[in-house]
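This report covers the overall dimensions and the charge pairing of one protein model.

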Amino acid sequence: MNIAVIGLGIIGGSFCKAIKKYTDNYVIGINRTLSTAEAALSAGAIDEIGTPENLKNADLVILSMYPQADIDYVKEHGAMIKKGAVVTDASGIKRAICPQMTELAQKFGFHFVGSHPMAGKEKNGFDVSDADLYQNASFIITPCGAEQRYVDLLSDLARKIGFSSVKITTPEEHDRMIAFTSQLPHVLACAYVLSPCCPNHNGFSAGSYRDVSRVANINSKLWSELFLENKEPLTEELDILIKNITLIKESVESGDKEALTQLLEKGHRVKEALGE
């Protein structure tokens with residue numbers, strides 16, 4: 001296939017590198033900043049630097065920008081997308097993406113299949129992209145009404161470039177679970193490092209500090225958009241977290257060792273039962 005990747009940051013850049021390393025597909029890289037596209041070409045991550053005109057030659061288009069930027073790009077350039085091509089996005093929310101992209105697919109004559117690679121790093125940009133970023137990761141697909149053959153096409157590509165599992169789900173279930181597995185930990189990490197103790201952690205910290213604080217090194221613009229676009233599920237998870245933290249806090253404040261032990265043991269049992 002001819003595959004156009006739009007947005008050559010860590011996700012898009014890693015898609016390019018993985019596709020070139022593990023498949024024989026031809027990769028067209030499109031990026032707002034030309035120097036980034038030139039770096040991708042020099043690194044062998046893409047075969048060609050593209051413009052919206054190249055979309056007429058692409059069998060698959062991978063949108064790897066911010067969610068709203070994905071939609072805006074297709075609204076502006078959708079008429080150039082090859083009729084019958086498959087278009088997917090890589091954004092971390094789906095309810096805000098799928099209805100609009102499905103409508104645009106009908107308008108411009110392409111097939112939209114939502115997707116979300118469950119992989120990343122704390123840093124951003126093409127420089128930290130990696131051909132092996134997706135090894136053993138999970139690839140989530142939200143078909144959004146697309147025919148099974150287009151879902152299969154995307155699933156097959158995902159497995160070829162290293163994803164170990166493909167999860168098919170709805171936009172609603174995706175956003176509800178991502179609120180818990182991805183967005184809530186980022187909220188927790190950012191809230192944690194806002195403590196006045198954080199700047200003085202050296203010499204007092206080890207694995208626990210690193211584990212909890214790791215994802216606080218956040219792209220604030222992107223994650224603000226993701227949080228707000230998914231505010232209902234995220235707010236529900238925050239309410240649950242605040243409730244549980246409050247129960248622990250009250251047990252500590254009152255010196256209720258029995259209640260505290262029960263709360264901690266409950267968490268221990270949940271994690272132990274998962275076998276992780």
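How much accessible surface does the protein have, and what share of it belongs to carbon and sulfur atoms? The accessible surface (Shrake-Rupley method, 1.4 Å probe) comes to about 14,700 Å², with 54% belonging to carbon and sulfur atoms.

The model is predicted: local features need pLDDT of at least 70, side-chain atom pairs count only at pLDDT 80 or more, and totals for chains, interfaces and linings use all residues. Residues are numbered from 1 along each chain as its sequence is written, and side-chain values use heavy atoms, with hydrogens and water left out.

Along the principal axes, the C-alpha atoms fill a box of roughly 70 × 40 × 30 Å. Of the 276 residues, 42% are buried (under 20% relative accessible area; exposed is over 50%, partly exposed in between; 1.4 Å probe, protein chains only).

The structure holds eleven salt bridges (a side-chain nitrogen of Lys or Arg within 4 Å of a carboxyl oxygen of Asp or Glu). Three of them are listed here.

| Pair | N to O distance |
|---|---|
| Aspartate 132 – lysine 21 | 3.0 Å |
| Lysine 94 – aspartate 89 | 2.9 Å |
| Lysine 249 – glutamate 253 | 2.9 Å |

Aspartate 132, in the loop between strand 7 and strand 8, and lysine 21, in helix 1, are 111 residues apart. Aspartate 132 is partly exposed at 31% relative accessibility, and lysine 21 is partly exposed at 47%. Lysine 94 and aspartate 89 are both buried. Lysine 249 and glutamate 253 lie four residues apart in helix 9 (helices are DSSP runs of H or I, at least four residues; strands are runs of E, at least two). Lysine 249 is partly exposed at 46%, whereas glutamate 253 is exposed at 59%.

Salt bridges also link Arg95, Asp175 and Glu232 in a network.
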